[in-house]
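This report describes selected aromatic contacts and strand pairings in the structure shown below. Please keep the sequence and the model at hand while reading.

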Amino acid sequence: MATEQLEPVEPQSLKKLSFKSLKRALDLFSPVRDQFPPPDAESKKIRINHKVSVEYGGIKSTTNQPPSQVNSATQNRSQQPGPSNVLALPGPGDSKDPHKGGPQNALVVGPTMPSTAPHDLGFSSKNIIVASGSDSSERNLSTSAIMERMPSKWPRPVWHAPWRNYRVISGHLGWVRSIAVDHSNTWFCTGSADRTIKIWDLASGTLKLTLTGHIEQVRGLAVSSKHTYMFSAGDDKQVKCWDLEQNKVIRSYHGHLSGVYCLALHPTIDVLLTGGRDSVCRVWDIRSKMQIHALSGHDNTVCSVFTRPTDPQVVTGSHDSTIKMWDLRYGKTMLTLTNHKKSVRALAPHPKEQAFASASADNIKKFNLPKGEFCHNMLSQQKTIINAMAVNEDGVMVTGGDNGSMWFWDWKSGHNFQQSQTIVQPGSLDSEAGIYALTYDATGTRLITCEADKTIKMWKEDETATPQSFPLNFRPPKDIRRF
């Protein structure tokens, strides 16, 4: 049997096919070809009322007439025979009865007359949708050429100078897991997986003191602003109070059933809060060593906590992906935020505003206080486990990732204005580029990070940077996820 030769199919462009499909749809579904559908009230609110005036630069260029003749040309447009080859905008002189029929009210689809100036509006001379006829108050033109450009209501970010690493301090023999800065801004302390706490001079970066006493890695540190006390917590279930005049442990707080992961001091009353792997945030009286409350309700490790002078005085984040706000008087949950899908490993309150940010592997979210209303997500995703986060008074928020990425954000807009990658010290593996803790000093002009390559790095703003040398590359978001 002789096989039949198949005729080759003529290749057609997507544009041509779509116009064919549109014409076929009109033939099938349009009951009256010459009339447009009735106007939609909701669409009318969105559209702009179009009036042909000298402001339309596109019409001036296609008519090839000086501005003085544009008004007369638009008035005579309805008397011109034949379809036009530009996108005709309805004007005040075009208010004709839409039920009379004729070429004025037709939606012409397909090849039209060759254009005399196809480059003027950027349209192709082959396939143009020509819509002319009735007034804009009677119908809506669904075309992007005359859609209203809504200005973005998203706040524009403030320009911030980029941050640069200016000092690397090495001295610990294990991962550096925690950090706290003294309120006098003269020294800071770091806790490490080598089971020691080291105290460093903030200005010079020199080691002042090494404290030993923990038998596992030190995961949380806090320095009291009212007493000469420093508090530490570790994986050995111990919470210790150090007297820095004697440089020794004077109190221990017993009660945690597993490792203690985070620690915070109340700003106004002598209360200490610790959270750990036993899924409980414990509230301690500093002087009597008594446990005041066990804030239980989380289903997994409590890995982040911060305190405030007013309700909610305690906010905790957990590996169960929830954030809880607590009533400190009764020891009960005030509110549970379930916005995150992954572990909330870092929380950061804003030093001035009544708001805080929470970081998770899925997103960084901003919430208002005291009600806990969700504001918005940060406009980028770091796509890594975020271990630490801090905000200064200038509205610069920084997040440190498990892969060594450190991203800087504008607090107000959520814009990510700088992405930097930490460099491991020589002799370390690339996989040791992880940031475990970070904090600003008391002024907010210096940033200190604790890293997996056993170093402490210090950062400051680049003083030579200008908005011209480091431009703000910001595009407002088109759609914001509300969850």
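A charge is taken to sit over a ring if NZ of Lys or CZ of Arg is within 6 Å of the ring centre and within 35 degrees of the ring normal. Arg-219 meets this rule over the face of Tyr-261, at 3.9 Å from the ring centre. The charged end of Lys-460 is placed over the ring of Tyr-166, 5.0 Å from its centre.

The model is predicted: local features need pLDDT of at least 70, side-chain atom pairs count only at pLDDT 80 or more, and totals for chains, interfaces and linings use all residues. Residues are numbered from 1 along each chain as its sequence is written, and side-chain values use heavy atoms, with hydrogens and water left out.

**Aromatic pairs**

Rings of Phe, Tyr and Trp (its six-membered ring) pair if their centres lie within 6.5 Å; planes under 30 degrees apart count as stacked, over 60 as edge-to-face and the rest as tilted. Eleven aromatic pairs are counted by this rule. Two of them are set out here.

| Pair | Centre to centre | Angle of planes | Class |
|---|---|---|---|
| Trp-163 and Phe-408 | 5.8 Å | 10° | stacked |
| Tyr-253 and Trp-284 | 5.8 Å | 55° | tilted |

Strands here are DSSP runs (E, at least two residues), numbered from the N terminus. Trp-163 belongs to strand β3 (residues 163-170) and Phe-408 to strand β26 (residues 405-410), so that this pair links distant parts of the chain, 245 residues apart. Buried means under 20% relative accessible area, exposed over 50%, and partly exposed in between (1.4 Å probe, protein chains only). Trp-163 is buried at a relative accessible area of 2%, and Phe-408 is buried at 0%. Ring pairs also link Trp-163, Phe-408, Phe-417 and Tyr-440 into a cluster.

Tyr-253 and Trp-284 are both buried.

Two strands pair if DSSP finds at least two bridges between them. Strand β13 (residues 271-276) has six of its six residues buried, so it is largely enclosed by the rest of the structure. In a regular strand the side chains alternate between the two faces of the sheet. In β13, Val-271, Leu-273 and Gly-275 point one way, Leu-272, Thr-274 and Gly-276 point the other way, and all are buried.

Strand β12 (residues 260-265) runs antiparallel to β13, and five bridges join them. Val-260 has Gly-276 in β13 as its bridge partner, and a hairpin of five residues joins β12 to β13. β13 also pairs with β14 in the antiparallel sense over five bridges. There, Leu-272 stands opposite Trp-284 of β14. The hairpin of β13 and β14 has three residues between the strands, and Ser-279 takes a positive phi near 65° in it.

β20 pairs with strand β21 (residues 355-360) in the antiparallel sense over five bridges. The bridge partner of Val-344 in β21 is Ser-360.

Key: Helices (H or I, at least four residues) and strands (E, at least two) are DSSP runs, numbered from the N terminus.
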